[in-house]
Amino acid sequence: MRRRADRAPRGTVPRVRAAAGRPRKRGVDLSVDLGPLRLKNPIVAASGTFGYGTDFLPYLDLRDLGGFVTKGLSLLPRRGNAPPRTCETPSGMLNAIGLANVGVEAFLSEKLPALRDCGTAIIANVFGETQEEYVAVARRLNGAPGLAALELNLSCPNTEKGGLAFGVSPPVVRQVVAAVRRAAPDLPLIVKLTPNITDVAVAGSAAREGGADVLSLVNTFLGMAIDLETRRPVLDNVVGGLSGPAIKPLALYMVHRVYREVGLPVLGMGGISCAEDALEFMLAGSAAVQVGTLNFFDPTGSVRLVREIEAWCRSAGVRAVRDLTGTLRLPAGRPPAPCSG
Amino acid sequence: MPSDIAAPVIRHDVLGRDHFLLTLECPAIAREARAGQFVMLRAGRGFQPLLRRPMSICRVLPGRRGRIQILYKIVGEGTRCLSQQPVGATVPTLGPLGNGFRLAPDGTRPILVAGGIGIAIFPFLVEALRAARRATPLLIYGARANRDLVALDFFRARDVPMRLATEDGSRGTKGFVTRILEPLLARKDRGPRMEIFACGPTPMLKAVRERALGAGVPCQLALESQMPCGIGVCLGCVVGCPPDERGPIFRRVCAEGPVFGAEEVVL
Ligand SMILES: Cc1cc2nc3c(=O)[nH]c(=O)nc-3n(C[C@H](O)[C@H](O)[C@H](O)COP(=O)(O)OP(=O)(O)OC[C@H]3O[C@@H](n4cnc5c(N)ncnc54)[C@H](O)[C@@H]3O)c2cc1C
Ligand SMILES: Cc1cc2nc3c(=O)[nH]c(=O)nc-3n(C[C@H](O)[C@H](O)[C@H](O)COP(=O)(O)O)c2cc1C
Ligand code: FES
């Protein structure tokens with residue numbers, strides 16, 4: 001395993017007391033808490049990269065994951081954008097799927113029952129084109145048997161605001177989060193922030209004020225690709241969302257910032273492809289992480305990360321993985337500098 | 001059920017300019033594979049390229065070792081990386097994926113139409129047709145130039161009649177495969193029923209589809225598309241299908257295809 005992250009801070013390294021007689025290999029406690037949501041380990045498969053869970057059954061045991069997030073659910077089924085919908089870019093990919101999904105009713109009647117007793121946390125990703133749609137989907141999911149939490153995707157274009165994403169306007173964020181909070185009072189509420197905003201912490205604070213329990217970030221960065229030969233955009237939709245290792249440093253900084261500024265548990269993601277990446281996100285403040293694009297090029301990668309994190313903790317003498325969250329060692333006395341160069 | 005296997009490279013042969021024949025050992029995949037299915041190969045180690053590349057299963061070799069062959073052409077970074085994998089290296093191989101061809105019913109003459117590297121899908125189909133004791137197919141195979149026509153020995157050794165076309169006229173009919181297909185479809189005395197199986201670049205498939213639908217000849221198309229995952233979860237690889245009253249319908253090439261009936265898709 002590559003060693004990139006620092007060893008755990010000295011204070012957190014527990015002394016391993018050998019049991020009387022032969023020394024015993026201590027298990028690492030991988031469980032993590034995100035506000036009201038407890039996960040058995042910190043690896044969660046991200047929305048849009050894991051279908052509705054069952055597609056991965058040939059490759060992995062869902063019980064080995066901390067949880068997974070469904071494809072974004074809308075009130076009615078959606079067919080999505082015309083192809084081409086994706087394009088590979090250096091160390092990443094652009095997608096403009098167009099939020100195609102089966103709709104909340106088919107999810108409840110067909111997908112969710114197939115997942116009963118799957119042994120991992122099922123998180124339903126919710127979006128709408130209007131605040132009413134968010135509310136209606138959330139209300140329908142509230143109390144659904146087997147659901148562990150809702151994740152609100154705020155990157156969806158708001159048709160009532162000229163197609164601007166909900167997540168870019170802090171007052172809109174506060175409003176839609178508060179409305180969903182009321183509509184689904186029984187489920188932990190994760191709010192997923194868009195990175196396509198000047199200061200993600202401002203949107204995060206608005207989500208907290210609206211009643212979010214957890215913040216997840218980041219969704220994809222807006223980007224485009226051009227075919228020089230045809231002089232056309234590669235994606236039919238012109239613009240798409242960038243994901244994969246290319247966005248990791250951007251995402252890591254945003255997680256760091258939101259953790260420091262907002263004061264809610266953070267579920268970080270963006271380009272994670274190995275245990276070290278995941279651990280870095282935890283040092284920056286993530287209580288758990290999501291993995292997205294990794295599921296495409298390595299369908300068993302998510303569970304490999306769980307094993308590698310456990311091994312890393314054991315070798316670093318970390319007894320509980322949750323002890324790592326936010327243990328980044330910052331240079332003493334230096335104010336955060338937003339500038340580069 | 002598909003599996004993800006670190007498959008050792010058993011052989012890696014150069015077949016003329018830019019074309020390679022890769023032999024991988026992956027028994028679980030070889031056992032389940034059917035003609036027309038594909039695998040997702042991880043071509044390199046790092047992130048360049050990041051995503052796996054879809055490749056048709058060209059052949060399942062006889063014998064107990066569970067070996068498959070991939071016939072491919074270098075067109076970019078991924079295929080270039082793949083071509084540098086030496087014997088003994090392992091290539092992460094996920095499959096078999098997708099739905100294969102439906103074999104033509106008894107008494108039907110299969111017409112195989114290949115454009116360029118689309119030829120890679122047909123050796124497996126030829127062997128499957130033979131194993132099922134179906135009529136010997138006719139192969140219509142077009143490429144840019146003579147040197148881009150590969151794997152001819154395979155078909156010759158199995159007595160598959162071939163009609164070749166090259167865009168530059170360096171071998172066979174000058175022009176596209178449709179120049180051979182069209183008169184065949186137009187003949188009044190077509191003889192026994194036929195069914196077309198086509199694989200190649202989208203413009204070719206489009207042309208073949210139109211001719212087949214026009215002549216009322218059943219036709220299966222093996223489509224290509226950008227495939228980030230290959231297992232049906234990203235929804236990235238879709239093809240447009242005839243719309244209904246609510247608008248366009250999209251289907252996943254990796255999961256509902258890659259083989260579609262000509263009438264099922266709009267190209
Ligand atoms: C189901 C399926 C089976 C396939 N089987 C084979 C096979 O047996 N042998 C083989 O050589 N190739 C096959 N292909 C195509 C192969 O996957 C691509 O050639 C490969 O992904 C290109 O990767 P690259 O990184 O080398 O090129 P890239 O850098 O990705 O692309 C180079 C150029 O090729 C074009 N291109 C890339 N992928 C495709 C594609 N899928 N369709 C059309 N144009 C494309 C790009 O637009 C670009 O212009 C298959 C594709 C599919 C979907
Ligand atoms: C093909 C694709 C589809 C996605 N669909 C959704 C979605 O429906 N809802 C959502 O909140 N995020 C969606 N995402 C964003 C991911 O969940 C994740 O936030 C992003 O990809 C960054 O993580 P990664 O770099 O690990 O992939 C999608 C991402 C990809 C690549
Ligand atoms: S390639 Fe991902 S759904 Fe087909």
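This is a predicted model: local features need pLDDT of at least 70, side-chain atom pairs count only at pLDDT 80 or more; totals for chains, interfaces and linings use all residues.
Residues are numbered from 1 along each chain as its sequence is written, chains are lettered from A and ligands numbered from 1 in the order in which they are written, and side-chain values use heavy atoms, with hydrogens and water left out.

**Ligand 2**

- Ligand 2 sits between chains A and B.
- There are 24 residues around ligand 2, and Ser47(A), Lys192(A), Gly244(A), Gly271(A) and Thr293(A) come nearest (near means that a heavy atom of the residue lies within 4 Å).
- Oxygen atoms of ligand 2 have backbone N or O atoms beside them: one of Gly271(A) at 2.6 Å and one of Ser47(A) at 2.7 Å.
- Taken alone, ligand 2 exposes 610 Å², and the protein buries 98% of that (areas come from the Shrake-Rupley method with a 1.4 Å probe).
- The shell around ligand 2 divides into eight nonpolar, 14 polar and two charged residues (Ala, Val, Leu, Ile, Met, Phe, Trp, Tyr, Cys and Pro count as nonpolar, Asp, Glu, Lys and Arg as charged, and the others, Gly among them, as polar).

**Ligand 1**

- Of the 19 residues around ligand 1, Arg53(B), Pro54(B), Gly78(B), Thr79(B) and Glu224(B) come nearest.
- A polar side-chain atom of Glu224(B) is 2.6 Å from a nitrogen atom of ligand 1, and a backbone N or O atom of Leu71(B) is 2.9 Å from a nitrogen atom of ligand 1.
- On its own, ligand 1 exposes 880 Å², of which the protein buries 72%.
- By class, nine nonpolar, six polar and four charged residues make up the shell around ligand 1.
- Strand 4 of chain B gives the most to that shell, with four residues (strands are DSSP runs of E, at least two residues, and helices are runs of H or I, at least four, numbered from the N terminus).

**Asn101(A)**

- You'll find Asn101(A) in the loop between strand 6 (92–95) and helix 1 (104–114) of chain A.
- Asn101(A) counts as buried because its relative accessibility is 5% (buried means under 20% relative accessible area, exposed over 50%, partly exposed in between, with a 1.4 Å probe and protein chains only).
- The side chain of Asn101(A) reaches the backbone oxygen of Gly72(A) at 3.5 Å.

**Val238(A)**

- Val238(A) belongs to the loop between strand 15 (232–233) and strand 16 (240–243) of chain A.
- With 38% relative accessibility, Val238(A) counts as partly exposed.

Technical notes. A polar contact is a pair of N or O atoms within 3.5 Å; within protein, one must be able to donate a hydrogen and the other to accept it, and residues adjacent in sequence count only if both atoms are side-chain atoms.
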